[in-house]
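Here is a friendly briefing to read alongside the model. Have the sequence and the 3D view open, and let us walk through some local features together.

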Amino acid sequence: MGPNSGRANSAKDEVVKDNMEERDAVDLAADWADINQGLRKDLGHQLHTQWIKPIQLGKFSRETGVLELYLPTEFAANWVNDRYADRLSLAWKIASNKVREVNIMVHPGRRRIADIDLKNHDGFGHHAANDGTMAMESIGDDGFTASIGLDPSQTFAAFVTGTTNILAKNAAERMAKPEKPQFSPLYLKGATGQGKSHLMHAIGHSYLQAHPRARIFYCSAERFMVEFVQALKSNAMMEFKARLRGFDLLLVDDIQFIIGKASAQEELLYTIDALLAEGKRLVFAADRAPQALDGVEPRLLSRLSMGLVADIQPADIELRRAILESKLTKFAPLEVPADVIEFLARTVSRNVRELVGGLNKLIAYAQLTGQEVSLQLAEEQLTDILSANRKRITIDEIQRTVCQFYRIDRSEMSSKRRARAVVRPRQVAMYLAKVLTPRSYPEIGRKFGGRDHSTVIHAVRLIEDLRTRDADMDGDVRSLLRQLES
């Protein structure tokens with residue numbers, strides 16, 4: 001082999017290397033989007049914005065599995081290294097099998113300057129008080145206390161309402177109105193990712209509009225615990241109590257995480273009593289009803305349930321579809337086909353946060369690679385999310401549900417009868433079997449009395465066409481989908 005072939009091989013190796021690096025960059029960017037979203041939920045808007053959001057992805061070595069994470073200042077890099085290095089490392093190891101270690105450092109080329117504004121803040125995004133204690137207030141330009149911890153994007157206007165969350169939405173709006181609420185505290189109960197935190201932030205924003213000088217504090221139960229323990233260690237409990245009870249609106253999220261901690265429960269109990277006695281407002285949120293909280297002192301349990309407990313049910317397919325449609329405006333002019341939205345709404349049903357995260361990940365991947373958003377791309381890139389959400393629906397279950405819906409005997413699914421009252425439900429069941437199960441056309445045909453695969457194909461195409469032309473048929477199919485996916 002001559003020198004030219006050697007150069008050709010070298011050039012080919014470079015191309016392969018460039019392609020691998022490009023794929024790594026795309027994969028890491030998608031993983032970082034997921035990690036970022038999780039950290040924002042865990043740490044809260046303020047902490048995330050101050051310490052995690054400025055992080056940029058740096059160099060990645062395939063050989064060593066080391067990923068560099070860049071921050072703009074030495075102070076910020078040191079702070080994140082000290083407090084979040086373990087959490088970031090674990091998150092990356094879970095998200096990607098490529099990353100084995102992360103290095104947090106100052107962005108190359110940036111001047112290593114100390115950020116004076118950062119130095120004047122503590123780790124919770126608060127201003128440091130002159131007396132050395134932690135100030136839980138954030139001071140506005142006029143020197144008056146403003147809100148703490150509210151996410152500016154989570155407002156009532158941005159909250160998509162459906163039949164499963166309308167009670168909680170109306171109760172939250174009532175809590176935020178200027179007049180005295182009919183009930184307090186408000187307790188929002190719902191599974192993870194169904195909109196509890198969004199409503200809490202929205203209450204804070206709406207109340208602040210009506211009361212611009214109001215003192216509002218949003219925190220997780222975990223953060224409440226951290227503040228409480230720090231006050232204990234620094235002998236600053238009196239200041240802690242005074243500041244906590246000075247708020248006009250207190251919003252405590254994930255209250256289930258305060259269970260079993262007697263001293264913190266007692267302090268929260270006294271705080272609730274003090275705020276209610278002064279006519280102030282309290283909102284709590286948890287993934288279970290107050291009565292289902294294990295290890296909670298009976299007196300605290302009675303306070304949590306004395307107002308209104310508003311349940312947020314898992315979003316149905318109509319609400320999931322509406323939520324996705326509402327998110328599309330921020331991606332314009334990028335087009336997301338209707339079949340992709342329908343696919344995500346039907347398939348990602350566990351919680352709203354996962355649904356929106358899936359859409360964001362899909363669009364980020366499409367933008368980074370220059371590909372068009374398509375159903376095939378969604379199926380390829382969202383395998384983890386889709387597999388976690390896919391309910392195991394059987395053809396037997398589909399046949400049983402369809403027969404109950406149309407009030408026909410189960411034996412008609414396999415019979416040779418050609419009466420319209422029997423044929424149409426049978427075709428609907430074949431269509432649903434193709435949509436909701438991984439079974440092939442021949443497999444479906446065998447479950448319907450040994451019918452040929454061409455019969456199943458005809459049924460699927462017919463029902464697809466009827467859904468576009470016949471509102472009653474579309475309504476029947478939607479109703480059956482809801483029953484089967486619930």
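Leaving aside neighbours within four places in sequence, Val-26 is in contact (heavy atoms within 4.5 Å) with Tyr-365, Leu-368 and Thr-369. This is a predicted model, in which local features need pLDDT of at least 70 and side-chain atom pairs count only at pLDDT 80 or more, while totals for chains, interfaces and linings use all residues. Residues are numbered from 1 along each chain as its sequence is written, and side-chain values use heavy atoms, with hydrogens and water left out.

**More on Val-26**

- Val-26 sits in helix α1, residues 3-43; helices (H or I, at least four residues) and strands (E, at least two) are DSSP runs numbered from the N terminus.
- With a relative accessible area of 9%, Val-26 is buried; the term means under 20% relative accessible area, while exposed means over 50% and partly exposed lies in between (1.4 Å probe, protein chains only).
- Val-26 and Ala-366 are 340 residues apart in sequence, yet their C-alpha atoms are 9.7 Å apart in space.

**The three-stranded sheet**

- Look next for an open sheet of 3 strands in the order β1-β2-β3, with mixed pairing; two strands pair if DSSP finds at least two bridges between them.
- The edges are taken by β1 (56-60) and β3, each with a single partner strand, so one side of each has no neighbour in the sheet.
- On average, neighbouring strands of this sheet are turned by 30 degrees against each other, direction ignored.
- Strands β2 (residues 66-71) and β3 (residues 101-106) run parallel and are joined by 6 bridges.
- From β2 the chain passes through helix α3 (residues 74-95) to β3, in a right-handed β-α-β crossover; right-handed means that, with the strands pointing away from the viewer, the path from the first strand over the helix to the second runs clockwise.
- Leu-67 has Val-102 in β3 as its bridge partner, and Leu-69 is partnered by Ile-104 in β3.
- Helix α3 packs on the sheet and touches β1, β2 and β3, its direction making about 165 degrees with that of β3; axes are lines fitted to C-alpha atoms, for helices over the stretch in contact, and angles run from 0 to 180 degrees between N-to-C directions.

**A helix pair**

- Two packed helices are described by the angle between their axes and the distance between the axes.
- For helix α7 (residues 221-233) and helix α9 (residues 262-277), the axes come within 11 Å and cross at roughly 100 degrees.
- The two helices, α7 and α9, are therefore roughly perpendicular to each other (65 to 115 degrees; under 35 is roughly parallel, over 145 roughly antiparallel and the rest oblique).
- Phe-224, Met-225 and Phe-228 of α7 meet Ser-263, Ala-264, Glu-267 and Leu-268 of α9 in this contact.
- By class, the α7 contact with α9 has 5 nonpolar, 1 polar and 1 charged residues; Ala, Val, Leu, Ile, Met, Phe, Trp, Tyr, Cys and Pro count as nonpolar, Asp, Glu, Lys and Arg as charged, and the others, Gly among them, as polar.

**Backbone features in loops**

- A cis peptide bond, with omega about 5 degrees, joins Ser-184 and Pro-185; Pro-185 is in the loop between α5 (166-176) and β5 (186-190).
- Asn-235 is not a glycine, but has a positive phi of about 55 degrees.
- Asn-235 lies in the loop between α7 and α8 (237-244) and is exposed, at 71% relative accessible area.
- Asp-254 also has a positive phi, near 50 degrees, and is found in the loop between β7 (249-253) and α9.
- Asp-254 counts as buried, at 15% relative accessibility.
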